[in-house]
Amino acid sequence: MQKYEMIATTLMGLEKELSNEIEQLGGENIEILKRAVRFFGDDKLMYTANMSLRTALRILIPIDDFKATNEDDLYHSVKSFPWENIFGLHQTFAIDAVTSGEYFKHSKFVALRAKDAIADRFREKTGRRPNVDPIEPDIAINLHINVSEVSVSLDSSGVSLDKRGYRINKTLAPINE
């Protein structure tokens, strides 16, 4: 199986523990980042990481990196990526964005611009666009922007891993959490 880069996000201060967990699962070339751990592995490790890591919040698979200093740079860079190789018209998608720095102040706006770029690319290529499903998308896309550095990743986890098994049975809302 082909090995590829993955990034496991976590809470501040848990990076070393997460790194140890990934090493025990067989992750390679492990690198501790700020609130995350970068590692390499195959599909089996990705699925195992999603099921087994106790300190991870999400397992992201980076697919593109570029620089952007304004909304037009962001739009054109996201639009130029071959999204049709990742998913099709029959699948839904959603974008989650995290921003820091001087250029992009509003993460919801960044997510909206990226959504528009993907939809416009599909419309130009096929004449149609895929639907957006912010609750349970088939394809979850994560944009991380640090100043002008943009990283686009696929979110292999879906719902945040800290919510695994949380409130499986739904009842009337409690008065107080």
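Predicted model: local features only at pLDDT ≥ 70, side-chain atom pairs only at ≥ 80, totals over all residues.

Me: Which residues of helix 4 are buried, and against which elements do they pack?

Reply: Among the buried residues of helix 4 are Val110, Ala114, Ala117, Ile118 and Phe122, and the list also includes Arg113, Lys115 and Arg121. The buried residues pack against helix 3 (71–80), strand 5 (93–100) and strand 6 (139–146).

Me: How should I read a nonpolar core, and which residues of the largest one touch the most other members?

Reply: In soluble globular proteins, nonpolar side chains tend to be buried together. Here the largest nonpolar core has 25 residues, of which Leu74, Trp83, Ile118, Ile141 and Leu143 touch the most other members. Two or more residues come from each of helix 3, strand 5, helix 4, strand 6 and strand 7 (149–155). The most come from helix 4, which gives six. A second, separate core has 15 residues, including Met6, Val37, Ala49 and Ile61.

Me: What does Leu143 contact, leaving aside its neighbours within four places in sequence?

Reply: Its contacts include Leu74, Ile95, Val98, Val110, Ala114 and Val152.

Me: How are aromatic rings described, and which of them form a cluster?

Reply: A pair of aromatic rings is described by the distance of the centres and the angle of the planes. The count in this model comes to four aromatic pairs. One aromatic cluster is formed by Phe81, Trp83, Phe87, Phe93 and Phe122.

Me: Is Ser77 buried or exposed?

Reply: The cut-off for a buried residue is under 20% relative accessible area. Ser77 has a relative accessibility of 19% and therefore counts as buried. Ser77 belongs to helix 3. Its C-alpha atom is 8.5 Å from that of Ala117, 40 residues apart along the chain.

Me: Where is Thr55, and which side chain does Thr55 join in a polar contact?

Reply: Thr55 sits in the loop between helix 2 (43–52) and strand 4 (58–67). At 14% relative accessibility, Thr55 also counts as buried. Its side chain makes a polar contact of 2.5 Å with that of Glu21.

Terms used
Residues numbered from 1 in each chain as written. Heavy atoms only, no water. Buried < 20%, exposed > 50% of the residue type's maximum accessible area, 1.4 Å probe, protein only. Helix = DSSP H or I, 4+ residues; strand = E, 2+ residues; numbered from the N terminus. Contact = heavy atoms within 4.5 Å. Core = buried A, V, L, I, M, F, W, Y, C linked by side-chain atoms within 4.5 Å. Phe/Tyr/Trp six-rings, centres within 6.5 Å; stacked < 30°, edge-to-face > 60°. Polar contact = N/O pair within 3.5 Å; in protein donor to acceptor, adjacent residues only side chain to side chain.
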